[in-house]
Amino acid sequence: MSQEHIVESLTGKTMQKRKSRIPARLDFLQSATGLFLAIFMIFHMLFVSTILISKDFMYSVTKAFELSFIFEGGSSVPVFISIAIVALVFVFHAFLAMRKFPISYREALRLKTHSDLMNHGDTKLWIVQVVTGFALFFLGSVHLYIMLTNSGNIGPFASADRVYSDMMWTLYILLLVAVEFHGAIGLYRLSVKWGWFENGNAKESRAKLKKAKWILSGVMLTLGVATLIAYMKIGAEHQANYGEKYTPQVEVKNEN
Ligand code: HEM
């Protein structure tokens, strides 16, 4: 008689093998870090696109992040700390996501055949998320590294010079497309997974969520492209004075 059977006959209870809680915890952490990054990206776009309103407005936003109301003229330290926190969450999220990647070419091929055969929309979305996620490993890391090493060099002219004269627009176009699809699909999948906005009718809510996902991607892409064009225009006009900091029109006090 095995040890399990002896315990069973003595206690009358069936021994259940303990299932590890680690995969569920990692899944939760992946969802939580993904949600944090998706919300961050919405605010990031709002801040970056202030350039569409005016140079002065974008300048005042950067100065607020530099806590210029505490430190005279602003400091790059709080900006550096914020970027470092986002970068850590970004790396942790990518690390957790690696568990879900197909681990061999054969596995990826089987997944594609399965998706084609089933013609299952959500499986296709998952594949788009894996591909854009893979691209973000590289594109996102480059951007975050450049921001970390330039945390005191963000502003209407500094950013426009980087986008135009330093040719960062090429990276930003790819990053924009990858992040907006990845983020919107991620939010859709999170809502389906955790049953948010379900209201008792899963099928109907899924259709609505899919629509919301397209709208979110569309709005963010449009705003992102318009913002990039604005930085390009300013960067082209400012090319002869590359490196010169912006001086606000309203209040000539701080420079960046
Ligand atoms: C705290 C961290 C971050 C800061 C401070 C930051 C800051 C900025 C700034 C100032 C710009 C304007 C261009 C420039 O100055 O070079 C920009 C553009 C951009 N950033 Fe970030 N960024 C951060 C994190 C991220 C992350 C994690 C992503 C995505 C993975 C991202 C995606 C983009 C994209 C796509 C653009 C181009 C926006 C457009 O199309 O107009 N950023 N970022």
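Which helices each supply at least two residues of the nonpolar patch? The helices to select are α2 (22–48) and α4 (76–97); helices are DSSP runs (H or I, at least four residues), numbered from the N terminus.

This is a predicted model, in which local features need pLDDT of at least 70 and side-chain atom pairs count only at pLDDT 80 or more, while totals for chains, interfaces and linings use all residues. Residues are numbered from 1 along each chain as its sequence is written, and side-chain values use heavy atoms, with hydrogens and water left out.

**The nonpolar patch**

Select Phe28, Leu29, Phe92, Phe95, Met98, Trp194, Trp196 and Phe197, which make a nonpolar surface patch of about 830 Å². Patch residues have over 30% relative accessible area (Shrake-Rupley method, 1.4 Å probe) and no salt bridge, with nonpolar side chains (Val, Leu, Ile, Met, Phe, Trp, Tyr) joined within 5 Å. Phenylalanine 28 lies in helix α2.

**A salt bridge**

Next, select aspartate 27 and lysine 193, whose side chains meet in a salt bridge at 3.2 Å, N to O. The term requires a side-chain nitrogen of Lys or Arg within 4 Å of a carboxyl oxygen of Asp or Glu. Aspartate 27 belongs to helix α2 and lysine 193 to helix α8, so the pair links distant parts of the chain, 166 residues apart. The structure holds 7 salt bridges.

**Helix packing**

Now select helix α6 (residues 121–149) and helix α8 (residues 169–194), which pack at an angle of about 135° with axes 8 Å apart. Axes are lines fitted to C-alpha atoms over the stretch in contact, and angles run from 0 to 180 degrees between N-to-C directions.

Methods
Patch = residues over 30% accessible without salt bridge, like charges linked within 9 Å, V, L, I, M, F, W, Y side chains within 5 Å.
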